[in-house]
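Please open the model in your viewer and keep the selection tool at hand. The stops below are meant to be followed in order.

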There are 4 protein chains.
Amino acid sequence: MDTGRLEAFSDGVLAIIITIMVLELKVPHGVDLGALWPLLPVAVSYLLSFVYLGIYWNNHHHMLHVTERVTGGMLWANLHLLFWLSLVPFVTAWMGENHFEQQPVALWGVVMLMAGVAYYILTVVLIRHHGPESALRAAVGSDFKGLISVVIYAVAILLSFANRWVSLALYVAVALMWLVPDRRIERSASTH
Amino acid sequence: MDTGRLEAFSDGVLAIIITIMVLELKVPHGVDLGALWPLLPVAVSYLLSFVYLGIYWNNHHHMLHVTERVTGGMLWANLHLLFWLSLVPFVTAWMGENHFEQQPVALWGVVMLMAGVAYYILTVVLIRHHGPESALRAAVGSDFKGLISVVIYAVAILLSFANRWVSLALYVAVALMWLVPDRRIERSASTH
Amino acid sequence: MDTGRLEAFSDGVLAIIITIMVLELKVPHGVDLGALWPLLPVAVSYLLSFVYLGIYWNNHHHMLHVTERVTGGMLWANLHLLFWLSLVPFVTAWMGENHFEQQPVALWGVVMLMAGVAYYILTVVLIRHHGPESALRAAVGSDFKGLISVVIYAVAILLSFANRWVSLALYVAVALMWLVPDRRIERSASTH
Amino acid sequence: MDTGRLEAFSDGVLAIIITIMVLELKVPHGVDLGALWPLLPVAVSYLLSFVYLGIYWNNHHHMLHVTERVTGGMLWANLHLLFWLSLVPFVTAWMGENHFEQQPVALWGVVMLMAGVAYYILTVVLIRHHGPESALRAAVGSDFKGLISVVIYAVAILLSFANRWVSLALYVAVALMWLVPDRRIERSASTH
């Protein structure tokens with residue numbers, strides 16, 4: 001089996017998740033820009049999650065590009081990832097509507113931590129089926145960035161009890177780390 | 001005609017169904033995790049339906065993979081299946097918001113029973129057009145798991161009048177039975 | 001240009017339209033089946049529109065299958081069709097929630113009439129670019145069913161002022177007429 | 001990497017954006033056409049944004065058609081465009097529900113201006129990777145229409161403080177300018 005339909009389904013789910021988040025930007029009744037002011041935390045929260053989902057889509061795109069065949073295990077590892085990502089609109093809205101209170105900030109991190117673990121599991125399942133000499137194995141490498149991200153999420157969740165703005169700064173830092181495109185896979189892919 | 005667009009459309013509908021279910025997780029007003037507590041039945045209900053829709057997507061993926069041509073009858077058998085699955089978000093929300101009361105639990109089973117019957121009809125239509133010697137026929141076999149699932153749904157619906165938790169346990173049991181990937185088709189497909 | 005992306009985009013829009021209609025089935029607060037009773041007109045309205053959108057998707061699928069190239073004019077003729085179909089969830093909900101009152105029933109017919117005209121325009125644009133000797137021309141023929149449908153919609157809209165149930169019967173009759181798959185195109189396509 | 005998945009994901013997001021806008025057409029409680037009257041500004045606003053999103057989809061379709069390879073930078077330039085377009089349902093609803101008041105009209109223009117800039121950036125990124133002799137470069141040319149559109153948006157935003165109907169007329173003028181299909185790319189593409 002090839003990866004076409006797995007990619008198409010994941011694209012569909014990610015496109016919907018990214019787009020329904022914007023439904024939380026409830027249209028205000030006022031007619032001046034001041035009426036939009038209370039929406040600012042929701043909008044910032046949306047922007048952060050949009051970037052995260054963009055990162056997931058980009059990395060998913062790169063990784064599936066060097067995947068050669070699909071098994072039942074991969075389908076479920078992928079659905080497991082999509083399950084956690086499907087919760088992103090909920091925790092994004094909860095965090096934004098509550099002006100980045102401590103517990104919503106921590107829960108946003110928990111969902112991202114679980115999504116990070118799910119992505120790691122997907123990586124492991126994919127590599128196991130492609131062998132240590134595969135282009136995929138060479139491209140993904142040790143997935144250092146994936147592991148360090150999960151560690152940072154865990155730290156950010158704990159630190160949220162002390163200072164939730166530090167947690168948010170860590171979430172932004174992880175995003176910036178990933179915004180540098182994953183040159184390992186891109187370089188590897190370009191040689192195939 | 002090939003199966004490409006049939007798969008793409010089904011993927012789209014399934015991706016949307018799976019994702020709009022999460023809209024039932026209404027963002028609470030409280031700012032602590034306790035405010036999420038009343039959402040637990042809705043979340044459990046969502047998880048159960050997510051797994052079921054994942055199973056449908058996986059099986060649909062496997063079956064269409066060994067399908068060689070598409071007819072008008074198949075398009076309608078597929079739309080019939082999608083119709084019943086489109087009702088899943090509704091019955092999932094009704095079951096979750098009412099804390100697994102008897103009648104919502106029974107109705108969830110009715111929709112799954114109808115979806116199971118629709119899937120069986122799709123299987124029959126597909127096999128009829130591919131002949132008894134086809135890879136599809138060999139792969140799907142007698143579809144024992146599909147038939148037994150429909151029987152279990154019927155039993156669960158009846159038992160819900162006695163004890164709705166037994167019904168839920170049966171729903172979970174069917175999901176576990178399917179989480180084992182359908183090795184028959186996968187094995188068959190891998191030889192093509 | 002080939003038709004791939006035109007089909008993919010149309011599939012996406014149709015899949016979303018078909019699925020968001022079900023959001024109008026608002027989850028009731030009651031826990032017994034009696035609480036679902038007031039939803040019956042909404043559900044019947046949903047079923048009718050689901051079948052209509054299924055017919056559009058099927059016919060669109062068949063017609064694009066024998067389309068060989070895409071021009072800017074076709075993209076806009078297709079978007080025009082999607083615009084009218086995007087209004088279907090609105091008129092479906094208005095008709096269902098108002099228990100098939102006269103004016104909602106008439107407006108549902110108006111949107112279907114406009115969609116029918118838009119489909120006819122798309123057919124004309126496609127045929128003009130493929131020539132009188134094309135497989136498409138032979139397959140679509142004179143599009144008698146398309147034209148008679150538009151006439152029936154117009155009659156049903158007018159008759160709704162006298163008896164809205166007659167209008168609904170006509171809507172059902174059109175659906176039944178189309179549920180017979182379009183054998184002209186299928187036969188033609190199978191010879192290519 | 002080829003452009004397939006980039007197109008599929010963009011199609012998905014655009015299809016969802018275009019379709020969820022219609023959810024702002026809230027079903028009224030009245031049963032006569034008069035009950036729809038208050039929805040007229042929302043419907044006009046929807047029509048304007050539908051046409052704009054159709055234009056974006058068409059141009060995106062044409063441009064990606066002559067794109068030969070995809071890099072990480074392109075994925076992000078594309079996501080940047082989708083981010084601004086994802087805000088269209090929000091500003092469309094705000095503008096429609098407030099009967100084209102000055103500040104909502106201006107904000108609609110701001111989002112379109114940012115989307116126009118994002119599209120221009122995407123064009124630049126694509127051309128940079130394809131070289132001055134590429135079919136893409138020849139097809140896109142100096143993108144005069146793109147630049148003039150952004151200038152008109154800026155003028156319309158400023159003029160909205162004087163007369164918001166002039167701004168709306170400018171928005172409609174830009175749409176009409178684009179409704180003429182982009183013959184440059186189409187002509188170029190047809191020679192490949």
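The tour goes from the arrangement of the chains to the contacts between them, and then to single residues.

**Before you start**

This is a predicted model, in which local features need pLDDT of at least 70 and side-chain atom pairs count only at pLDDT 80 or more, while totals for chains, interfaces and linings use all residues. Residues are numbered from 1 along each chain as its sequence is written, chains are lettered from A and ligands numbered from 1 in the order in which they are written, and side-chain values use heavy atoms, with hydrogens and water left out.

**Stop 1: chains A and B as copies**

Two copies of a chain are related by a rotation about an axis and a shift along it.

**Stop 2: where chain B meets chain A**

Show the residues in contact, that is, with heavy atoms within 4.5 Å: 38 residues of chain B meet 29 residues of chain A. The two chains bury about 3000 Å² between them, with 75% of it on carbon and sulfur atoms; buried area here is the accessible area (1.4 Å probe) that two parts lose on being put together, summed over both. In chain B, select V27(B), V31(B) and W57(B), which lose the most area to chain A and together make up 20% of what that side buries.

**Stop 3: where chain D meets chain A**

Turn to chain D, where 29 residues are in contact with 38 residues of chain A, and where the area buried with chain A is about 3000 Å², carbon and sulfur atoms giving 75% of it. Select E7(A) and R5(D), which form a salt bridge with their closest N and O atoms 3.5 Å apart.

**Stop 4: pairs without contact**

Select chain A with chain C, which no contact joins and whose closest C-alpha atoms lie 9 Å apart. Chain B and chain D likewise do not touch, and their nearest C-alpha atoms are 9 Å apart.

**Stop 5: two single residues**

Go to S10(D) in helix α1 of chain D, residues 4-20; helices (H or I, at least four residues) are DSSP runs numbered from the N terminus. Is S10(D) buried or exposed? S10(D) counts as buried because its relative accessibility is 0%, buried being under 20% relative accessible area, exposed over 50% and partly exposed in between (1.4 Å probe, protein chains only). Leaving out residues up to four places away in sequence, S10(D) touches R5(C), H60(D), N78(D) and L82(D).

Finish at A43(B), which has its place in helix α2 of chain B and is partly exposed, with a relative accessible area of 28%. The C-alpha atoms of A43(B) and E24(B) are separated by 8.9 Å, although these residues are 19 residues apart along the chain.

Methods. Helices (H or I, at least four residues) and strands (E, at least two) are DSSP runs, numbered from the N terminus. A salt bridge is a side-chain nitrogen of Lys or Arg within 4 Å of a carboxyl oxygen of Asp or Glu.
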